[in-house]
Amino acid sequence: MKIGEVAKQTGLSVKSIRYYHDIGLVCGERNEAGYRVYRHQDIEALKFVHQCRDLGFSLEDCKSLLGLKGNESRNAEDVKQLTRTHLAYVEEQINKLQQLRAQLQHMVTQCQGGDQPHCAIIDSLSHEDNESHGSHETDEDKSHKNQSLHDAGSECCRKASRNSNGQEQ
């Protein structure tokens, strides 16, 4: 089966399927004309990876899970531990997003809005130490926190960029 048909069956974009092929996650075979051709087991593997990605697993985790799926002598505890680790990561990201939400809500409530030039949000964003939040973090702590919040927000944006059919856009 050619890549366009595989995309329809799996809900993945052609670009994602090509990427997964290029990184060796799920590889179709090349025919004489050089086109990628996918077999039934390749399509099933792509569907599996798609489901894993929808649950937020990293590509490395997808590779591990795919390997465990194909291993009849696997230890279910290995699968559980990998999933438990991912769950802890998701919970950490939720916590960070809740903190981000609270900070943004505070900024919104402090701003009076209107036609005036003064804006409490701009003031808050302009203060490096954000003393109004009672923070005593070092610059390194803030940098790590901001990167983590950015990463969590970026992950949400990636999830939101999928259409209603679950296809990546």
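Reader: What makes a charge sit over a ring?
Author: Two cut-offs decide. NZ of Lys or CZ of Arg must be within 6 Å of the ring centre, and within 35 degrees of the ring normal. This is a predicted model, and the charged end of K2 sits over the ring of Y35, 5.1 Å from its centre.

Reader: Which ring does the charged end of K69 sit over?
Author: The ring of F48. The distance to the ring centre is 5.5 Å. Again the limit is 6 Å, so the K69 value passes.

Reader: Why are Y19 and Y20 called an aromatic pair?
Author: Their ring centres lie 6.3 Å apart. The cut-off is 6.5 Å, so the two rings pair. The structure holds one aromatic pair.

Reader: What makes the pair of Y19 and Y20 tilted?
Author: The angle. There are 55 degrees between the planes.

Reader: How do you know whether Y20 is buried or exposed?
Author: Its relative accessible area is 3%. Buried means under 20%, so Y20 is buried. Y19 has 43%. That lies between 20% and 50%, so Y19 is partly exposed.

Reader: Why is C111 in no disulfide?
Author: A disulfide is a covalent bond between the sulfur atoms of two cysteines. The nearest cysteine sulfur to that of C111 belongs to C119, 3.6 Å away. The cut-off is 2.5 Å, so the two sulfurs are too far apart for a bond. The structure holds zero disulfides.

Reader: Why is C111 called partly exposed?
Author: Its relative accessible area is 22%. Buried would need under 20% and exposed over 50%, so C111 falls in between.

Reader: How many helices and strands are there?
Author: Seven helices and two strands. From the N terminus the order is α-α-β-β-α-α-α-α-α.

Reader: Which residues touch the most other members of the largest nonpolar core?
Author: I17, V26, Y38, L46 and V49. This core has 19 residues. The elements giving two or more residues to it are α1 (3-10), α2 (14-22), α3 (40-54) and α4 (59-69). The largest share, five residues, comes from α3.

Reader: What does Y38 touch, beyond residues up to four places away in sequence?
Author: Its contacts include I17, V26 and L46. M1, I3 and V6 are also among them.

Reader: What share of the protein is buried?
Author: Buried residues make up 25% of the 169 residues. The protein exposes about 11,600 Å², and carbon and sulfur atoms supply 51% of that area.

Key. Residues are numbered from 1 along each chain as its sequence is written. This is a predicted model: local features need pLDDT of at least 70, side-chain atom pairs count only at pLDDT 80 or more; totals for chains, interfaces and linings use all residues. Side-chain values use heavy atoms; hydrogens and water are left out. Buried means under 20% relative accessible area, exposed over 50%, partly exposed in between (1.4 Å probe, protein chains only). Rings of Phe, Tyr and Trp (its six-membered ring) pair if their centres lie within 6.5 Å; planes under 30 degrees apart count as stacked, over 60 as edge-to-face and the rest as tilted. Helices (H or I, at least four residues) and strands (E, at least two) are DSSP runs, numbered from the N terminus. Accessible areas come from the Shrake-Rupley method with a 1.4 Å probe; for residues, only the protein chains shown count as cover. A nonpolar core is a set of buried Ala, Val, Leu, Ile, Met, Phe, Trp, Tyr and Cys residues joined through side-chain atoms within 4.5 Å. Contact means heavy atoms within 4.5 Å.
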